[in-house]
Amino acid sequence: MQQTGSKYGALFDLDGVIIDTESQYTILWDNIGQKYLHKPDFGTTIKGSTLSMIFDTYFQSCPEKQKEIVAETARFEEQLKMPFIPGAAEFIRSIKCAGWKTAVVTSSSRKKMVTVYKKRPEISEWIDIFLTAEDFPRSKPAPDPYLIAAEKLDIPLPRCIVFEDSLNGLKSGKSSGIKLVGLSTTLSREIVAQYADIVIPDFTQFTPEQAELLIQQNNDSIHGEIRSV
């Protein structure tokens, strides 16, 4: 792979793509759904949504409940474990060495990211820009988050790749028109494959060379799951 400066751009969701936190968040939001709405599987329902989207949809006229939920999520995130998705750290370091530009594009808040920087300070060394829920006029599943990220990296859309795992994120990436690698860390491979150009279980068997090859393919060329180099 040629090391030619900012040749390509990699746009990563955070939870379920770089850090392995989705199962923990599912438990949190399942408990909130049961407590306040008596809804089962609420964590799956809201996955990939910003907090403001959740409040607008389910708690619009409940300011006291909103305040309680903000406090609950803050306490939860202070205790949140943040292991990396297998192979993610190595993959990101590799593409940075190869001259790629990188962005994190997350529905999480800036306040949550303070905790991420504290627990995983190395992420700040690997990622050029961080975009959070406050940075988008329209959140995922709209394409805006990834279009804005590519613009801020100053990389043309055909030279970018999105890495996503949640349904809202996959819809956002697909509607942006950018090549999309879907991780089956949150949803089944079958669901992810409906939106992604490639489905991978994690980054252990996905290389910068394969990412570059995907960019070089025509839009409809690669589907399926990469299992080996």
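**Helix packing and cysteines in a predicted model**

In helix H5 (residues 88-97), Ala88, Ala89, Phe91, Ile92 and Ile95 are buried, buried meaning under 20% relative accessible area, exposed over 50% and partly exposed in between (1.4 Å probe, protein chains only). These residues lie on the same side of H5, because they cover an arc of only 165° around the axis, taken from the directions from the helix axis to the C-beta atoms. This is a predicted model, in which local features need pLDDT of at least 70 and side-chain atom pairs count only at pLDDT 80 or more, while totals for chains, interfaces and linings use all residues. Residues are numbered from 1 along each chain as its sequence is written, and side-chain values use heavy atoms, with hydrogens and water left out. Helices (H or I, at least four residues) and strands (E, at least two) are DSSP runs, numbered from the N terminus.

**Surroundings of H5**
- The buried residues of H5 pack against strands S1 (9-12), S2 (101-105) and S4 (160-164) and helices H7 (122-126) and H11 (208-216), contact meaning heavy atoms within 4.5 Å.
- Gly99, which follows H5, has a positive phi near 95°.

**Cysteines**
- The structure holds zero disulfides, a disulfide being a pair of cysteine sulfur atoms within 2.5 Å.
- Cys160 is in no disulfide, and the nearest cysteine sulfur, that of Cys97, is 19 Å away.
- Cys160 counts as buried because its relative accessibility is 0%, whereas Cys62, at 24%, counts as partly exposed.
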